[in-house]
Each structure stands twice: as structure tokens, then as C-alpha cells.
Amino acid sequence: MSTIKDALSIYKRDMLIFKSRLKANLIRSIIFPLVILLFFGNLGQTAYQVPIGVVNLANNKMAFDLISYLQSQNTLKLQTMSEALGFSALSNGTIAALIVIPPGGNSIYIYYSPTSSNAQYVLPAIESAASKFELNIETREPTQLLYLPQKSNSNIFVGAISGLEINYLTFLIAGVIAMVAAFSSMMNIGFTIISERQLGNLKALFLTPLSSLSYILGKLLSSLTQGLIYVSLVIIIGIPLGEMFAMGFIPTVLLTLFLSSLLLLGFSGLAILLALRTPRVDIYGIIANTIVLPLWFLSGAFFPTSLMPQWMQSISAVDPLTYAVNGIRSVMIAGTYPISQALIDVSILVLFAAFTILLAKKLFKLNV
Amino acid sequence: MKDIVILDHVTKRFGDFTAVDNISLKVEKGEIFGILGPNGAGKTTTINMILGIIPITSGTIIVNGINVSKDPSKVKQQIGFMTQETVVDADLTARENLEIFAELYHIPESYKEKAIRKALEEAELVEFANKKAGTFSGGMQRRLNLVRAMIHEPPIVILDEPTTGLDVYNRLHMWEHIRELRKRGTTIILTTQYLEEADDLCDRIAIIDHGKIKAIGTPSELKRLVSEGSLLEIIVKNSDVEKITNILNSLGIEPKIENERIRASLPHGKEKLLSKIIELSEKEKIEILSIGLHLPTLDDVFVKLTGSALRDSIGEFKSNFVRFR
């Protein structure tokens, strides 16, 4: 009982400190994501982009990877749509080509209008993407419809919002959210703990009957709260930049915050663990960056993991950030979060959080 | 129970460095107990062990009947501790600082508000209660630090160099506060680098060096260790040192010579020899630059027991090194 009460006192203390530096905290927290979104996100904006449509009936990893890859191509302007809308868009020339990813199989179908010069231009790009994923391609003119979805598959699309533009910026937002979660927990909590130790505040706290468990819980809670505020800011910044809420606004935001929370807890645990064993702020900064930056780049925040060489992909597969980025992207862009994928993402993130937090508790050392 | 803090053969090792070496001491209830020693002597380590924030290598510490190793969190309720450095949460107001610690010390909700008000009054910070502690002067922060450390009204208060870096006003205020605490029956353990402070405030003093207790007793008991009588100090020109030494020897005094400074202790009742020394020196045409007789101070005790002045930078370096290894 007193464990929880003490943890709440630590939480209260941290939040009062956070509040007293609110403006600086908020400004600092949005500079990095804002710069990345504005600069990276707009890199391809001036290039000529050919609109193409995607009908995703598969909703599996392959389909998702393919879409992610195509999104990262700055020459293409992707729109997800229902099959009906897709064919009508193709016939009225709104899009230059339509990619249909059927459920299960290892093929995709590309429909295009032979009269469109743009189609000739984008086909090689799509074909090279498909070959990357070892997919068979069948190109057809709209009149030769090879694949027509069965009615039963239509309900996959219930949550999908058709006709939204997907560009690199929207692709990037999920990665930036994951980054903000990882960095805010690593940096805030780590630097706070070390400077608290150097100033003697840490010792002062532990002169009271405070237990290490209460301290860790309080720190986790405050890091979680602050991190969620920062993540929410990025979500708000993302709206005018073309962020998507493919699952509908509230479910998208809630699921994004949920996945971010798991990530925040995991990295906060890691931060506590490291900060209590690192004597100086500058050394901690080096260690934290060495850990988080590679994890971030390997997570597919900037480009689909399928583009990486095999050895990087293997690292990416054990990177907790990968699962958070994938999850958030599924929710935001694909609009569906298949339960099988969700189970994997969530369990890996929970395992990561449990591991770092338990280790932080086990290896807790005051080092006054 | 007369002895409120008992250290029984306590040893602390960091790796192969022994910071505290088999120390035994007892602090009586209601006294002001001073711990003196050069930096790196083991004062802070000893205190940290009493506080239960670093584990003891061997030995036992009993605080108010509680074994520190067995029940550290109960011991923490018994002790208020103020560190050498002033530690307050600079981003919090004085009131918030006190509030958080009142909660962490589990002061009952019904009494919390009263305890905070009382602490603010004691620290003379009532009108600054809602100002951030970071904006306070050094003395104000120190006072806040002290009342925050004692908000749970503990029977024992430990102060690590409580007046270091304070101006005269704040130092006197602190001394007054410490005496006030003792009047209320609080036992106080303090370390200090000011010998006159220890002399003035402390009922008993332990002198620690290299992790060992060199002496323990009341200030006058300790002074008697140096000399039963008075201390003689003469300064002459280098060329006259030998002559004056001869004079002293002829009077049956055994001097200690450091360059042109000659020291000796005069047993009780032999103070009259001073005029004799002056007389003989004039005869020998020795030019005396300075001559004096004084009762031993704690300084003399300290130099005699530890062989060093209080400030010892090498010791400081060593202790930091050990700490961060």
C-alpha cells in the first residue's frame, strides 16, 4: 500500500517539476519531430508524382511491406481504395494504374489503361517492387479483369478510408511517433536521474523510507505521462501534414497511444537501468544515443525494413521499435490491424517492457 | 535507553580499500556528538552506514533499538539527515518541497498541513512558501533543507558540515537551531571542518582518521590529551633557533621545532617559566619575533592525533575515486 502511495508521491514530484518547466519541455520535445517531418517528409514533394491506386485484399505482411515500399517511392502517389472505386478511378483517368493484392497468394495484379503514358512510366517501378518481394505479376488492361474479389472478402475493407493520399510524409509519421516515445523516455528520465544523483536529490529521497520499487514505479509513471503528452503533440502536428486516421480518428489515436505507452515503458525501464549505473550525464548521452539511434533506423521508421539487407532485417526483427512502428502504421495507414499481427506486436512490446523494468529493479543501485 | 546510536566493530570496504576500519562508538541520547576528521577519513561513509543507504561490510549498527542492516526503512523514520551540499528541489516551491517529503515520511494526512506550516515558520520562509526554491539565497535554501530533513520530527538528527559556506548570520542561526533542537531532546550527530564549532557546540567529539577512531571524549578531555597545562609557542629568526633550544632545555622543557617555530607544552603550574624564557633570551641577545602561551585548542588535538591539518586535498581525491569506481 505504502509502495503505491510513495510511487505516487514520486510521480507528483516529477510532474510538478515537469510543469514548472512546461514551456521549455514542450518546445524542446517538438523541435526534433517537426524538423524531421518537414524536411524529410517534403523531400519528394516537388518531384512529379504519378497517382496510382492500391486495392489491398490481402492485409498480410507481404501486402503491407509492398505498400510501404511503394509509398517510399517519391515518384508514386499512392491511394488505397476499394475495388469498385479503384476501377472507376482507373477508367476515368484519376489514377494511372491500379494494383490489386489478392488475399493469400503470391501474386499481384496490375491494371492499367494502355492509353495512359503515365502508366508506361510507372509500370517498371511497380514491377521492380514486385520482383523485390518475389511476386508474380500479371498486367492486364481494365477490360481483361482477371481477378474479381468475392463478396466475402469485401468486409476486410470495412474500416478502410478510400481515396486518401499516402505520401512519404504520412509514411514517416508512425516512425516519428515511435522515435519520440523512445527518445523522450531515454533522455528525460535518464538525464533527470543522473542530475538528481549529482545534485544529491536522489540521496535525499532515499533518506526517507522510500523503496526502490516505489521510486521506479513513480519514475515510470511520470515518464509515461510526459511521453504520452509528447506523442500526442506529434499526432496533432501530423494532422495538417497529412497524417491519416485510417481506422477512424478515435480508434487510431487510442491504438497509437496504447502502442506508444508500451514503448515508453520499455525504454523508461532501460533508461532507469542505465542512468543508475552511469556516473555522468555526457557518458549517459553517448550510451543512450548508441542504443536508440540504430534501433530507430533499423525499425523501418524511414524506409520499409524489406529494403534492408538481410543482416539488418534480422536485427530489425528483434528491435522492439520495429513492432511499434509496424503497429502504428497499420492502424494509421492500412486501417486494419489484423489480430495475428497485433498479438505479435503487443506481446513483443510487453516482453520488452517487462524485461527492462524487472532488470532495472533487480540491478537497482543507488550509487550515492 | 541511554545510548541511542551504537556502532559495534563496524567496517566498510570498497574493493580492497578500507574506508571505515573496525569502528565502535556510542552516542548518548540528547547529546550533540561531533565527528571530526580530515577529508577522506571515513566520516561520510560512517554516516551513510548509520543512515542505512550503504551496506555494512561487517559489524552492527543499532539506531534507537533498531538494527540498521535488518530494518533500514524503519531506521530512516528515526533520523533526519542534512547533507553537506544544500539539496532542495529548485523547480519546486518551498511548500511543494516540504509536501513531497512529508508524504514520503508518511506523515498522517491530518497532520501534514500543520507540519508544513511549522517547518516554514521555523525556517523563516512563510512569506516565500509559494516561491520556487531555486530563487532563494544560499542561506534560505539551507534553512529549507534543514526543516525538510526534519519534517517527520525524528529523535536523531545528523548534520554533515551544517555551516560550511554559510555567512555569519546564517551560521549563527544554524547554531541556534541546533541548540534549540537539543533542548527539545533531539540527539544530534554532526561533522564539521570548523574546530571552534565543534568546541562550541559538541558535548562529545570523535576524531577519525584513515577509517579509525583516534580519540573520543568531551572537548576538554581531548584537549588534555595534548597537554595537561598550556602550550608555548615561540618564533625567532632561523639563526637563533639553536640558542633558544638550549635555553628551553636548560629549563627542563622539550621543544618541537618546525623551521623558526618552536612549540612545547608546559605542564600545569609551570606557566611562570614564560618570563624566565624572555629574561634569558634578552641576555643571549636573541630577537624574539613572537612568543605566547595558550591553552590547547582542538586544532592542537587534531594536529597531534591525525598529523595533518583538517583540509587534505589528496584525501578528498582518493575518496571520490573510490566512490565512482
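Colleague: Which residue takes a positive phi in the hairpin of strand 1 and strand 2 of chain B?

Modeller: In this predicted model, that residue is Gly15(B), with a phi near 65 degrees, and the hairpin has two residues between its strands.

Colleague: How many bridges join strand 1 to strand 2 there, and in which sense do they run, parallel or antiparallel?

Modeller: Strand 1, residues 3-14 of chain B, and strand 2, residues 17-28, run antiparallel and are joined by eight bridges. To pick out one pair, Lys12(B) has Val20(B) in strand 2 as its bridge partner.

Colleague: And what about strand 4 of chain B, how does strand 1 pair with that?

Modeller: Strand 1 of chain B also pairs with strand 4, residues 58-63, in the antiparallel sense, and five bridges hold that pairing. Within it, Val5(B) stands opposite Val63(B) of strand 4.

Colleague: Changing topic, what is the strand order in the open sheet of six strands in chain B?

Modeller: The order is 6-7-8-3-9-10, and the pairing in this sheet of chain B is mixed. From one strand to the next, the twist averages 15 degrees.

Colleague: Why is one side of strand 6 and of strand 10 left without a neighbour in the sheet?

Modeller: Strand 6 (79-82) and strand 10 (212-217) of chain B are at the edges and have a single partner strand each, so one side of each lacks a neighbour in the sheet.

Colleague: How do strand 3 and strand 8 of chain B pair, in the parallel or the antiparallel sense?

Modeller: Strand 3, residues 32-36, and strand 8, residues 187-191, pair in the parallel sense over four bridges in chain B. Ile35(B), for instance, has Thr191(B) in strand 8 as its bridge partner.

Colleague: Which strands does helix 5 of chain B lie across?

Modeller: Helix 5, residues 138-149 of chain B, lies across strand 6 and strand 7 (156-160), and its direction is at about 160 degrees to strand 6. Helix 8 of chain B, residues 219-226, packs on the sheet as well, where it touches strand 9 (204-209) and strand 10, making about 115 degrees with the direction of strand 10.

Colleague: Which side chain meets Arg148(B) in a salt bridge?

Modeller: That is Asp89(B), and the N to O distance is 3.9 Å. Asp89(B) lies in the loop between strand 6 and helix 3 (94-104) of chain B while Arg148(B) belongs to helix 5, so the pair ties together parts that are 59 residues apart in sequence.

Colleague: How many salt bridges are there over all chains?

Modeller: A search of the whole structure gives 27, and across the interface of chain A and chain B there are four.

Colleague: One last topic, what is the order in the open sheet of four strands in chain B?

Modeller: That sheet has the order 12-13-11-14 with antiparallel pairing, and its edge strands, strand 12 (256-258) and strand 14 (288-294), each pair on one side only. Strand 12 and strand 13 (residues 261-266) of chain B pair over three bridges in the antiparallel sense, and Glu258(B) stands opposite Arg261(B) in strand 13.

Key: Residues are numbered from 1 along each chain as its sequence is written. Chains are lettered from A and ligands numbered from 1 in the order in which they are written. This is a predicted model: local features need pLDDT of at least 70, side-chain atom pairs count only at pLDDT 80 or more; totals for chains, interfaces and linings use all residues. Side-chain values use heavy atoms; hydrogens and water are left out. Two strands pair if DSSP finds at least two bridges between them. Axes are lines fitted to C-alpha atoms, for helices over the stretch in contact, and angles run from 0 to 180 degrees between N-to-C directions. Contact means heavy atoms within 4.5 Å.
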